[in-house]
Amino acid sequence: MAVTDNSSFWEMYRDLPVRTTVATVVPVFLGLAQLLNGYVHDVPIVEIAGFTAGMVIAAVLVTQHHLVQYHRRNLQQELFGEE
């Protein structure tokens, strides 16, 4: 019995809103806040861009990891009835 239905980001967000927000929105928000902070305090954009890029990349990777975990949990529940 092969299951090919992949879970979407929005399904995960609906089922786990806090976890998904912390993994996805918070790092992007921190990166943007750091850009604004650097602009207000006249810090060169090159110094802040690395941090912002790192936060966005981290958000993408952590979100992908959580989506895989979510999909795996759904498959286990469907196939084995595990909680």
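Modeller: Let us start with a cut-off: a residue is buried when its relative accessible area is under 20%, and exposed when that area is over 50%. Keep in mind that this is a predicted model.

Colleague: Thanks! Why is H66 called buried?

Modeller: H66 has a relative accessibility of 16%. The cut-off for buried is under 20%, so H66 counts as buried. H66 sits in helix 3. Leaving aside neighbours within four places in sequence, its contacts are M12, R19 and A23.

Colleague: And how do you know that T52 is buried?

Modeller: The reasoning takes one step: T52 has a relative accessible area of 10%, and buried means under 20%, so T52 is buried. T52 also belongs to helix 3, and beyond its neighbours within four places in sequence it is in contact with G31 and L35.

Colleague: What makes V62 partly exposed?

Modeller: V62 has a relative accessibility of 34%.

Colleague: Why are helix 2 and helix 3 called roughly antiparallel?

Modeller: A packed pair of helices is described by the angle between the axes and the distance between them. Here the angle is about 175°, and the axes are 9 Å apart. Angles over 145 degrees count as roughly antiparallel, and therefore helix 2 and helix 3 are described that way.

Colleague: Which residues of helix 2 and helix 3 meet?

Modeller: Among them are R19, A23, P27, G31 and L35 in helix 2, and T52, V62 and H66 in helix 3.

Colleague: What makes F29 exposed rather than buried?

Modeller: F29, in helix 2, has a relative accessibility of 56%. Exposed means over 50%, so F29 counts as exposed. F29 is also one of the residues in a nonpolar surface patch of about 550 Å², together with V18, V22, V25, V26 and L30.

Colleague: Last one: why is D42 called exposed?

Modeller: Its relative accessible area is 67%, and the cut-off for exposed is over 50%, so D42 is exposed. You will find D42 in the loop between helix 2 (17-40) and helix 3 (45-80).

Colleague: What is the phi of D42?

Modeller: It is near 55°, a positive value in a residue other than glycine. Most residues other than glycine have a negative phi.

Technical notes:
Residues numbered from 1 in each chain as written. Predicted model: local features only at pLDDT ≥ 70, side-chain atom pairs only at ≥ 80, totals over all residues. Heavy atoms only, no water. Helix = DSSP H or I, 4+ residues; strand = E, 2+ residues; numbered from the N terminus. Buried < 20%, exposed > 50% of the residue type's maximum accessible area, 1.4 Å probe, protein only. Contact = heavy atoms within 4.5 Å. Patch = residues over 30% accessible without salt bridge, like charges linked within 9 Å, V, L, I, M, F, W, Y side chains within 5 Å. Areas by Shrake-Rupley, 256 points an atom, 1.4 Å probe, with all protein chains shown as cover. Salt bridge = Lys/Arg side-chain N within 4 Å of Asp/Glu carboxyl O. Axes fitted to C-alpha atoms, helices over the stretch in contact; angles between N-to-C directions. Parallel < 35°, antiparallel > 145°, perpendicular 65-115°, else oblique.
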